Structure formats: structure tokens, C-alpha cells
Amino acid sequence: MTLTALLPTLRASIPAPFDAAAWPAGSAPTLDDVTVRAVSIGRYADLCGTPCVCTGPAVIPASGGVASGIHSTTVVVATVVDAEGRALRIDACVAELGAVWREARLLGRVSHAYDVTFDVVDAAGREVGSVTLPDDVRGGDRIAFPCPGCHTVGEVR
């Protein structure tokens, strides 16, 4: 359990824990966003709409953040279409992408609600995993999560 999970009000001053090895090289968390090579994923989604993808070099395991020359990691940004009970329906098809749900982040706002686990249902109606996010996630919120490999926007739409 992390400090921001125990005291959600701390999210207004420190980003939630971040496994940099799961994201593209050069990624960094902010309070309400993730940057990949200094590009805001939230702003990218504003410009492109969702679902959208951002692909960059993967991190070489146990290298301290060194970028791989041959492997990629893709960040998917999806909009929550519906948050009913403990299920989130998103606007992306992600069943085949191997999403790293433990790294999913709420974009665009800082929540002070405690974390809960939601079942994730993709745009095709398939249950694709479970994610821990603040309890006040609602329709219209955007979430970002990494997926190993190089994926195109056509795969998620």
C-alpha cells in the first residue's frame, strides 16, 4: 500500500507511485498527467481525441531507464464511457494488447477519493482486466495505461 493510497489528499502534492520500466523510456508522472519525452499525454488526447496511442522505446529491464533500440511500449488513452458499480466501460478495444492495468492513471484531475478496484470492459464489450483507480471515477474521465509492444490507433478503435 502506498502513501497516496492511504492518504489520498497527498495526490495534490505528489504523484502516485510510477513504475518507469512499464512506460516508454523518458516517461514521467505529474499530479494529473504523464509525460512521454516531455509530451503531455493528456494534451495529446485533447488534440487527437480518444482512444489514442503514443508509442516510444521500451525501457531495457534493470537498466535504470535506458531506452531499448528494438522494443517499444505504447501508452493508450481511453475515455471512461460509463462507471457503473465497480465496472468501467472504456471507448477502446484493448483485449489483445496486454495492458499493464496496475499502472493505469487518471488524467486531467487530481482525486482525493480512496482507491478501489474496478473491472474494465472495453468498447467491444469484453472484460479485459481490473484496475485500481479513485472511487470517484465517472463517465468522461480519461485514463492512460501502458501496453508492451508497438500498437496502432487502428487496433484500439
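A salt bridge here is a side-chain nitrogen of Lys or Arg within 4 Å of a carboxyl oxygen of Asp or Glu. Keep that cut-off in hand for the tour. The model is predicted. By this rule it holds 9 salt bridges.

**Stop one: R126 and D122.** Select both side chains. Their closest N and O atoms lie 3.0 Å apart, so the pair falls within the 4 Å cut-off and forms a salt bridge. Is D122 buried or exposed? D122 is buried, because its relative accessibility is 0% and buried means under 20%. R126 is partly exposed, with a relative accessible area of 35%.

**Stop two: R109 and D136.** R109 counts as buried, at 16% relative accessibility. D136 counts as partly exposed, at 29%.

**Stop three: R109 and D141.** Which residue does D141 meet in a salt bridge? The partner is R109, at 2.8 Å from N to O. This pair also links distant parts of the chain, 32 residues apart. D141 lies in the loop between β9 and β10. Both D141 and R109 are buried.

**Stop four: D19, R102 and E103.** Select the three residues together. A network of salt bridges links D19, R102 and E103.

Conventions. Residues are numbered from 1 along each chain as its sequence is written. This is a predicted model: local features need pLDDT of at least 70, side-chain atom pairs count only at pLDDT 80 or more; totals for chains, interfaces and linings use all residues. Side-chain values use heavy atoms; hydrogens and water are left out. Buried means under 20% relative accessible area, exposed over 50%, partly exposed in between (1.4 Å probe, protein chains only). Helices (H or I, at least four residues) and strands (E, at least two) are DSSP runs, numbered from the N terminus.
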